[in-house]
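Here are a few exercises to work through with the model open. Try each task yourself before reading its solution.

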Amino acid sequence: MFKPPVQRGMKELDKSAFNLTRSVVALRVPTKSVGKIKSDLENDVLRLHKVRNVVADKSGNDHKLVLLRPEITSTELSEASEQLQKLVRDNGWEALTHDVSMDYENWSADDILKAVLPDPNQAPTAYEQIGHIAHMNLRDEYLEYKNIIGQVIIDKSPTVTMVVNKLDTIDNTFRNFKMEVLAGETNFIAQVRENDCVFRFDYSKVYWNSRLHQEHERLIGKFKNGSSVCDVMAGVGPFAVPAARRGSLVWANDLNPASYAALTDNIKLNKAQDRVRAFNMDGRDFIRQAFADYYASTQNGPLTLPPIPRSSSASRLRPAPVSKQDQQQHITVASRSFDHVVMNLPAIAIEFLDAFRGLFRRITGSSDSSANLPLIHAHCFTKSEEPEKDILQRACRAMGYPEEKYLELDAEVFFVRKVAPHKDMYCLSLSLPRAVAYADEPSDSNEV
């Protein structure tokens, strides 16, 4: 297979440096036979990006030249398939050479960068795409080539108009990080489609990870029609908004003012205002206030939601996967407390479990059998060789629950993804123990 000319050490892109002309073997065949050759002998035919493998023949319009793969180097066709050799013999077709010209447009990003960077076996072409933004995390050895890398990514990715490089780690308070623009027009306002919803946000000020789309969908699938959901670290709404559109009542919070602003906009954008309430508070304060207010709001009977809309007004997306009956009837939210709590802040979410210690005793005054205890979904990181034990014991310590009884917890530890060679992300789904919910003493942990 052809490769572009090597330009080792190039730091400013010169597209003309990747021009190349090579001779290939071609068959002169009747025009009416071209289609059959291309379909029956596709493994013998030239396959190059943006290079035509059938070209005009100077001898006239009744014949064409079919270009063959570069591994066929002789007009004797000794490297071609037996089927092609037989067709040439039976039909008396002529094999000849033909010059093929290639330029920058014919090469992939991987081809170009391997021709430029010091190591010809590696090219940093992987990136996370957030709308029109390609987010890269370049290693130190590639930083001196960052500009050409960014330009090549834009040139070779039709839906990318800006390339950024991460400069530091995620800030635990607002979950954002510094980045630099490598190429393209500076525009951080991204629009992403996920789970039948549209999300719009300033990527430089909020957290979004497209690699978590399956985890978003998995967890949303646990929420039933009429569920009540408390989303403590809601971000721009990847859990809250789709859950609401599928028939859940959601109270969603985020400490980051930019995330809160995007969350409120995305609620409106997807017409979920009647199912989602947005808050901008500290996570622990939100847990305590939300549970108290929700319990008070159900004193006079269950809450109700309007029927599920047929489709989102935000874009031409599929309607939420709900029945026709659900689209016509009001939804009853029967629980006296939240059914689910989502805490998607993996670095510290488990620490927020301390907010649940004694929470129900303070709200209900005593053990109230009508107040259901929530299923808490806390995302977390671990480097332990025994991840389930590590996560459950950390949860015990945060809740003030006996650590030696971690196996008695009603919990599931689900692997989400590998973050680094020795660092994994998990989701702990934990039924809040009654002994914690109605504990006599509240937690003394400091707020974060």
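This is a predicted model: local features need pLDDT of at least 70, side-chain atom pairs count only at pLDDT 80 or more; totals for chains, interfaces and linings use all residues.

**Exercise 1: a loop asparagine**

Task: work out where Asn106 lies and whether Asn106 counts as buried or exposed.

Solution. Start with the location: Asn106 sits in the loop between strand S4 (94-102) and helix H3 (109-116). Next, the accessibility: Asn106 has a relative accessibility of 11%, so Asn106 counts as buried, the cut-off being under 20%. Finally, look at the side chain: one of its polar atoms is 3.2 Å from the backbone oxygen of Lys50.

**Exercise 2: salt bridges across the chain**

Task: find which side chain meets Lys11 in a salt bridge, and where the two partners lie.

Solution. The partner is Glu144, at 3.3 Å from N to O. Now place both ends: Lys11 is in the segment before strand S1 (20-30), while Glu144 is in the loop between S6 and H4, so the pair links distant parts of the chain, 133 residues apart. Lys11 itself is partly exposed, at 35% relative accessible area.

Then try another pair. Arg69 and Asp44 meet in a salt bridge at 3.8 Å, N to O, and Asp44 counts as buried at 3% relative accessibility.

**Exercise 3: Leu143**

Task: which residues does Leu143 touch, leaving aside neighbours within four places in sequence?

Solution. The contacts are Leu138 and Asn165. For Asn165, 22 residues away along the chain, the C-alpha separation from Leu143 is 9.5 Å. Leu143 counts as partly exposed, at 32% relative accessibility.

Terms used. Residues are numbered from 1 along each chain as its sequence is written. Side-chain values use heavy atoms; hydrogens and water are left out. Buried means under 20% relative accessible area, exposed over 50%, partly exposed in between (1.4 Å probe, protein chains only). Contact means heavy atoms within 4.5 Å. Helices (H or I, at least four residues) and strands (E, at least two) are DSSP runs, numbered from the N terminus. A polar contact is a pair of N or O atoms within 3.5 Å; within protein, one must be able to donate a hydrogen and the other to accept it, and residues adjacent in sequence count only if both atoms are side-chain atoms. A salt bridge is a side-chain nitrogen of Lys or Arg within 4 Å of a carboxyl oxygen of Asp or Glu.
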